[in-house]
Each structure stands twice: as structure tokens, then as C-alpha cells.
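Please walk through the model below with attention to its backbone geometry and to the surroundings of its ligand.

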Amino acid sequence: MDKEKSYILGLETSCDETSAAVLLNGKEIKSNIISSQIPIHRLYGGVVPEIASRKHLEVVNEVIDEALAEAQITLQDLSAIAVTAGPGLVGALLIGVSTAKALAYALKIPLIAVNHMAGHIYANFLETPDLPLPSLCLIVSGGHTDLVAFAGHNDLKILGSTRDDAAGEAFDKVARVLGLSYPGGPALEKLAQNGNPKAFPLPSASINENTEYSFSGLKTAVINLHHKAKQKGEEINLADLAASFQQVVVKSLLENVRVELAKGGYSSLMLAGGVAANKVLRQAMEELAQEYNLPFSVPAMILCTDNAAMIAAVGYAKYQQGKFAGLDLNAYPALRLGQDDF
Ligand code: KG4
Ligand code: ZN
């Protein structure tokens with residue numbers, strides 16, 4: 001094995017995807033295996049934490065073996081192991097953290113702790129390694145909605161977040177009321193394709209004086225509309241309601257981005273996180289970037305939702321800086337961006 005090469009094994013178990021990936025020299029994805037638990041959690045309408053932990057434990061070794069096999073390397077070829085240490089479900093995180101610690105100890109290679117949200121940002125650098133910085137990054141996932149100024153590794157600032165529900169969470173909860181299956185985001189997007197986005201006036205989710213968001217009022221407005229129609233026995237066009245909701249989410253998300261872009265000082269615009277898989281949002285962000293004449297980056301669909309390649313990408317940056325974690329590493333369910341100093 002060529003010692004000039006670095007192979008980072010990424011490991012991700014923060015929610016309902018068990019994923020292992022091998023990243024060569026920080027940029028070439030040799031494998032990115034994702035074992036999804038979605039069909040199991042769908043039975044319950046959402047992620048059941050206890051089941052998630054148990055499923056991670058059942059498949060984690062198999063997923064790692066598959067990632068190594070597809071990359072055509074063995075454990076002995078690895079340079080370091082990067083694992084999601086937070087945020088996420090504590091029991092789920094612990095499976096990845098414990099597995100990574102055991103492997104790092106046995107193989108005598110560095111252990112690297114990764115913030116899952118940083119992973120979402122770094123998915124962009126797998127696609128666009130030369131994206132000019134500083135970049136304004138909108139991260140929208142199931143658990144978080146953050147507008148971030150990203151100037152480089154360890155150099156980021158959260159400009160605004162959600163005060164209550166995350167954008168993905170709002171998609172999931174509204175979808176559930178509309179009778180769609182978990183995860184709601186993709187199902188709602190599909191339903192909205194045949195709907196009129198102007199059919200229902202809905203409240204904005206942006207609080208743009210301080211670049212914050214609040215999705216709970218919007219979510220409740222949709223749920224109330226639906227319930228009232230049902231009580232009165234009125235027919236409601238679900239595609240119209242889905243399209244109207246999606247349109248307001250996208251418009252609200254963009255409003256704060258626009259406020260921040262207008263301040264100037266950014267060299268690019270990024271979109272990240274599971275909700276970045278939404279085509280209407282991708283297109284709207286791309287158009288906004290064009291309006292401001294900025295390069296735009298959004299990960300490929302498979303790199304938007306949870307995966308280990310994005311964790312390995314952060315791992316590589318930390319590997320180069322020699323930022324290694326100790327074997328006393330814990331799981332940090334409420335970890336925020338920029339807080340992680342391990
Ligand atoms: O980043 P992610 O995979 O997991 C977390 O870290 O939370 O994001 C999952 C979220 C879910 O709420 C899901 O409904 C949403 O991303 N999502 C979407 C789409 N695909 C996934 N939301 C809207 N449109 C989509 N196409
Ligand atoms: Zn995520």
C-alpha cells in the first residue's frame with residue numbers, strides 16, 4: 001500500500017441511517033454504503049430511538065465490511081477513523097462512537113470525532129472542492145435549520161437558527177397530517193408537483209431582522225386548515241396544500257439568505273442537509289446565487305441526506321491538522337456547530 005495515500009473510514013449512525021464510507025486523499029469517494037432503517041421506522045410514523053440503536057448494532061460491522069470491500073482495501077490500509085460524535089440520538093450515536101473507538105484502538109490509528117452538521121457542510125466540498133470562501137451556507141435537515149457563515153475549517157459562525165421546529169421536521173409533521181408516509185419530505189415534494197402553490201395563503205417562517213426562523217406557526221396553520229376542512233366535511237385539495245406549504249418554506253428560507261447576502265462579503269452560496277434534496281429549494285437557491293453573481297454549491301442528492309462520506313470529508317480536514325480524539329470520546333446528542341473542540 002502506498003503510504004502517500006490516506007484512506008479515511010467515515011462512520012455515521014446519528015439517526016436512522018447506518019453508513020460507512022472510504023475516502024481517498026480527502027476527495028475521492030471509494031465507497032459510501034448506506035443502510036437505511038426507513039422501512040422499519042415508517043411503521044411507527046417516525047424514528048423510534050430504541051429501535052434505531054438496535055438496528056445500528058445489528059448492521060454496523062457488515063456495513064463497514066462492505067465499505068472496505070467496495071473500496072478494495074482492508075482495515076490495515078486505513079489511516080484514520082472518523083465518526084459522528086453528535087448531534088443526534090444518544091443511543092444511535094454511541095453505536096458508531098464505540099465501534100470507531102474499538103477499531104482505532106485495535107488498529108493503532110487516530111480516532112477523529114466529527115460534528116454531523118459540519119459533515120453536511122463538507123458534503124459540498126466533495127462536489128466542489130475549490131468553492132471560494134467565505135461562503136454563506138444554509139443547512140436544512142430533520143433536526144436543524146442553520147444559516148452559517150463558513151470561512152474555513154474551525155472558522156464558522158451561526159448567523160441564525162430555528163426557534164422551534166427544523167425545516168425537515170415541519171415537512172415530516174405536515175406530511176403525516178396529509179396522510180403521507182415517513183419520511184415526509186420526499187413524499188410531500190412528490191404530492192406538491194401537481195398542486196397550485198398559490199392556493200392557500202400561509203404565514204412566513206422567517207424572522208428576518210435577526211436571520212432566525214420559526215416553523216411551528218406555519219406547521220400549525222397547515223394542520224388547522226386540514227382539520228377544519230375535515231370537520232366541516234369539505235374536500236380539500238391535498239396537492240394544493242402541499243404545494244402551498246412547500247412554497248412558503250422555500251420562500252421563508254430564502255428570505256433570510258437574501259437579508260444576509262445583501263450585507264455583502266460572501267464569495268459563494270451553499271445549500272446542505274437532507275432538505276437540500278428538495279428540487280424546488282435547490283432551484284430557488286441556485287437562482288438566488290445567480291442574482292448575486294455568486295458560485296453556488298449543493299451536494300448530489302445522495303450526499304444531501306445522512307451518509308458517511310461527508311463525515312470522512314470532515315475527518316480528512318481534521319486528519320491533516322492532527323486533531324485527534326481520545327479513546328474517552330463520548331456521544332454528544334445536543335452538539336452545536338463550532339462547539340466541538342475534540
Ligand atoms: O439531514 P437528514 O438526512 O437527517 C438529519 O440530519 O436530520 O435530513 C432528513 C430530513 C427529513 O426531515 C426529510 O423529510 C427531509 O430531510 N427531506 C426532504 C426531502 N428529502 C429529505 N425534505 C423536503 N424535500 C425533500 N425532497
Ligand atoms: Zn443529517
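Pro134 is found in the loop between α4 and β6, the latter spanning 135-140, and in this predicted model the peptide bond that leads from Leu133 into Pro134 is cis, with omega near 0°. A cis peptide bond also joins Tyr182 and Pro183, where omega is about -5°, and Pro183 lies in the loop between α5 and α6. A further backbone feature concerns Gln72, which has a positive phi of about 60° although it is not a glycine; Gln72 belongs to the loop between α2 (49-71) and β4 (80-86).

The helices that flank these proline loops lead on to the ligand. Helices α4 (116-127), α5 (167-177) and α6 (184-192) each supply at least two residues of the shell around ligand 1, so that the loop holding Pro183 is one that runs between two of these contributing helices. Which domains does the shell around ligand 1 draw on? At least three of its residues come from each of domain 1, which is assigned to 7-121 + 303-321, and domain 2, which is assigned to 133-294.

In total, 18 residues surround ligand 1, and the closest are His120, Gly142, Asp172, Glu189 and Gly274. The space taken by ligand 1 is the largest pocket.

On the side-chain side, a polar atom of Asn278 lies 3.1 Å from a nitrogen atom of ligand 1. How much of the accessible area of ligand 1 does the protein cover? Of the 550 Å² that ligand 1 has on its own, the protein covers 89%.

Definitions and conventions: Residues are numbered from 1 along each chain as its sequence is written. Chains are lettered from A and ligands numbered from 1 in the order in which they are written. This is a predicted model: local features need pLDDT of at least 70, side-chain atom pairs count only at pLDDT 80 or more; totals for chains, interfaces and linings use all residues. Side-chain values use heavy atoms; hydrogens and water are left out. A residue is near a molecule or strand if one of its heavy atoms lies within 4 Å of it. A polar contact is a pair of N or O atoms within 3.5 Å; within protein, one must be able to donate a hydrogen and the other to accept it, and residues adjacent in sequence count only if both atoms are side-chain atoms. Accessible areas come from the Shrake-Rupley method with a 1.4 Å probe; for residues, only the protein chains shown count as cover. On a 1 Å grid over the protein atoms alone, a cavity is a set of points where a 1.4 Å probe fits but cannot get out, and a pocket is an open set with protein on both sides within 12 Å along at least five of seven lines; lining residues have an atom within 4 Å of a point. A molecule sits in a cavity or pocket if more than half of its atoms lie within 2 Å of its grid points. Helices (H or I, at least four residues) and strands (E, at least two) are DSSP runs, numbered from the N terminus. Domain bounds come from an automatic or database domain assignment.
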